[in-house]
Amino acid sequence: MIENKKLSDLENGNNSNSYHHMLVIIEVVNGVVLPVNYEMLGEARRLMDFFNKQYNSNEKVIAVVLGQNIKDLCNELIYYGADVVVYADDPNLRYMVNQTSTKVISSIAMDKDIIAKISPDFVNHYKKPRYMFFAADSIGRHLSATVLAELDSGLASDVNKLEISDLEIKHQHKTKGNALKYGKVLEMYRPDFSGFLWTTILCLDNKNPEIRRDFHPQACSIIPGAFAPLEPDPKRKGQLIEYTPKFDQKDLKIKILNRSIDKDKIDFDSFKIVISFGKGIKEFPEDNIKLIETLSKLTGAEIGISLPLSKKIFKLDEKINSKYMIPGRVIGTSGRKITPKIYIAIGISGAVQHIEGMKEAEFVIAINTDENAPIINECDVFIKGRMEDVLPVLIEEIKRIISPLEVKAKRK
Amino acid sequence: MSLTVAVIVKLEPDFSEGNISYNADGTLNRAETKSKLGAHSSIACLAAFYAKVNYGANISVATMGPPMSEIALSEAQSICDADSLHLYTDRIFASADTLATAEVLKKGIQKMKENENENNNGIDIIFSGHRASDGETGQTGPQTAWKLGYPFFGNVIDYHLNLKDRVVTLKRLVVLNGMDNIIEEIESPLPVFIALDPSYKPSFTTLSSRLKATIFKKNAEKKVTNFKSYLQMFDHNSLDLDPKEVGLSGSPTIVYKVERIPKGKMNRKAEIIDGRDRNQIKNIAEKILILNEQYGRS
């Protein structure tokens with residue numbers, strides 16, 4: 001019982017003095033702080049304000065920035081909610097190379113000198129950060145995985161809701177089957193692949209005496225667009241700390257030879273209309289795609305898809321597969337975020353990941369057989385019906401309206 | 001100058017129409033859904049096959065999973081003409097999160113190194129897919145790379161080797177929200193860990209490489225009919241793994257709860273139209289053309 005009592009102190013940790021603060025890893029690309037970073041800072045601020053009030057504590061939101069000539073960006077991060085900015089400014093950090101960035105970020109996370117500057121009270125027992133945020137994009141997804149492998153702790157990816165709470169946990173391994181209290185737990189919600197289920201991931205230390213292991217920080221990568229940034233406040237004050245990174249010569253042999261804009265990228269941004277289709281094409285996929293092509297030609301639209309289709313779930317002609325069923329056409333968190341004037345969602349139920357990619361469209365039309373599909377809450381017009389019936393009529397009506405002269409002119 | 005590569009693959013639910021089954025609430029019916037080599041895993045196999053055709057690579061494919069995961073290994077062999085297949089299977093590996101999975105894969109790859117490479121530098125390249133289509137974390141690859149001390153490169157769309165200097169040049173597709181996609185060209189000494197972008201496609205342009213590809217394909221077909229003779233199984237004992245470091249007990253994270261995502265607040269109030277009503281469809285046609293400035297407002 002005594003053992004239990006000792007273990008169940010209100011802390012997600014075996015060493016409650018060892019973990020402090022929230023680290024937010026900032027991505028700077030071509031001298032620009034990406035929007036998701038301000039969103040992460042906003043959410044970190046909200047959570048740590050709650051934390052400090054709830055636990056009568058004074059833990060900080062620490063933004064960590066790596067790059068070259070980045071010092072000028074640091075104040076901006078304070079305006080958006082950071083208490084402290086730790087920056088490493090070095091020509092070797094001009095581009096985010098996973099190998100070097102992982103080592104620099106991990107050493108910043110463990111650095112006691114930095115903690116001494118931020119909160120001298122914590123320095124004696126300090127081991128690792130309490131919480132850590134990364135962006136769920138092409139940089140942060142990989143970086144979060146390697147940094148957490150280095151720090152030997154857990155990670156939830158693609159999170160879109162967060163809470164801090166005290167929980168009672170009963171787990172075969174973590175608590176050896178006993179019900180034990182875990183305090184200051186970060187509840188990390190991530191939508192699963194279906195888009196309909198929310199899985200809450202926790203990163204918990206093992207309080208089981210046989211396999212006692214500390215798993216801090218509790219870390220996650222955050223979906224761009226999931227959280228709102230704060231209004232920047234130029235009067236907010238904070239602390240800037242410079243960190244001088246050390247490099248392994250071996251790692252510096254990794255060289256960026258060239259960086260260019262991807263010209264093959266589908267240019268959704270220059271289209272006023274985007275028409276996307278989803279699993280609803282399933283009855284007659286090839287015929288339905290032909291109808292969608294006709295509609296897009298008539299209206300000058302670009303064509304998008306929902307994520308499941310990029311997994312080539314239908315047996316189709318290879319030409320159609322390689323033209324449409326590709327990652328570059330996916331609208332949503334795993335693909336593109338677009339803001340067309342008109343968005344037409346055909347046979348798309350509206351998983352949260354998809355909504356994230358199209359919710360800023362000016363006018364949304366959905367064609368769907370199911371009135372209970374979540375897309376109904378995200379559209380201005382919901383045409384209830386089979387696309388096989390609706391599309392031919394819509395195409396016919398559009399053809400009828402478009403000036404016959406214009407059509408003739410095009411034929412010449 | 002030899003080249004040794006490993007491919008890490010995963011057996012996944014088959015998301016294709018006819019093979020996948022959903023419950024009434026829209027979630028995956030795992031019992032009814034068939035399994036196969038994951039789509040992204042097969043892309044990793046294509047990259048390994050490219051190394052076989054162009055650089056004469058020796059290929060090992062590895063997976064962690066239940067015994068039935070051997071299906072994934074045989075499918076992988078049929079794509080890349082693998083020379084050996086490794087299955088890490090043990091009941092205590094079950095329910096591992098990405099870090100505990102990476103621990104098993106690390107030990108497995110280290111074992112491969114010991115067994116197969118008396119004459120050279122070890123495994124030169126490890127390939128993996130972008131991410132599993134059921135877990136969708138994309139963490140296992142980079143974490144395995146990190147534990148092995150291999151530099152990790154994700155979203156790779158193309159690669160070439162200079163075997164003499166043991167250097168790889170590769171292209172990555174960097175997709176960032178609110179920014180143009182970037183293609184980054186990188187040079188790195190071997191060994192490396194490469195996770196392929198879903199858009200990766202090897203191309204065999206020269207006649208000789210096309211010829212070789214055809215021959216290896218035929219070889220692969222032959223091998224697969226007898227894939228079990230290429231298969232080696234490992235459990236935690238044969239991989240020298242501490243049971244505390246793997247499976248559920250070695251996982252920092254747990255799934256605390258699973259719930260239906262509540263219907264989002266109604267962001268737009270939809271006007272509901274009957275798809276059979278031609279007049280209403282005509283109105284929509286007009287609305288589209290007006291907003292699209294193809295049709296005057298007058």
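Q: Which strands form the open sheet, and in what order?
A: A pair of strands is counted when DSSP finds at least two bridges between them, and a strand itself is a DSSP run of E with at least two residues, numbered from the N terminus. Here, in a predicted model, four strands form an open sheet, running β8(A)-β9(A)-β10(A)-β12(B) with antiparallel pairing. The edge strands are β8 (161-170) of chain A and β12 of chain B, each pairing on one side only. On average, neighbours in this sheet are turned by 35° against each other, ignoring direction.

Q: How many bridges join β8(A) and β9(A)?
A: β8(A) pairs with β9 (residues 179-191) of chain A over nine bridges, in the antiparallel sense. One pair to look up: A:Ile169 has A:Leu180 in β9(A) as its bridge partner.

Q: Before we go on, how do I read the numbering and the confidence limits?
A: Residues count from 1 along each chain as its sequence is written, while chains are lettered from A and ligands numbered from 1 in the order in which they are written. Since we're on a predicted model, local features need pLDDT of at least 70 and side-chain atom pairs count only at pLDDT 80 or more, whereas totals for chains, interfaces and linings use all residues.

Q: How many residues of chain B are in contact with chain A?
A: An interface's size is often given as the accessible area lost when the parts come together. Here we count contacts instead, meaning C-beta atoms, placed from the backbone, within 7 Å. By that count, 82 residues of chain B touch 94 of chain A. Helix α6(B) gives the most to chain B's side, with nine residues.

Q: Which strand of chain A pairs with β13(B)?
A: That's β18 (residues 381-384) of chain A, parallel to β13(B) over four bridges. A:Val381, for instance, has B:Glu271 as its bridge partner.

Q: What describes two packed helices?
A: You give the angle between their axes and the distance between the axes. Axes are lines fitted to C-alpha atoms, for helices over the stretch in contact, with angles from 0 to 180 degrees between N-to-C directions. In chain B, the axes of α1 (residues 39-55) and α2 (residues 70-80) come within 8 Å and cross at roughly 40°. So α1(B) and α2(B) are oblique to each other (under 35 degrees is roughly parallel, over 145 roughly antiparallel, 65 to 115 roughly perpendicular, the rest oblique). Residues making the contact include B:Cys45 and B:Phe49 of α1(B) and B:Ala76 of α2(B).

Conventions: Contact = placed C-beta atoms within 7 Å.
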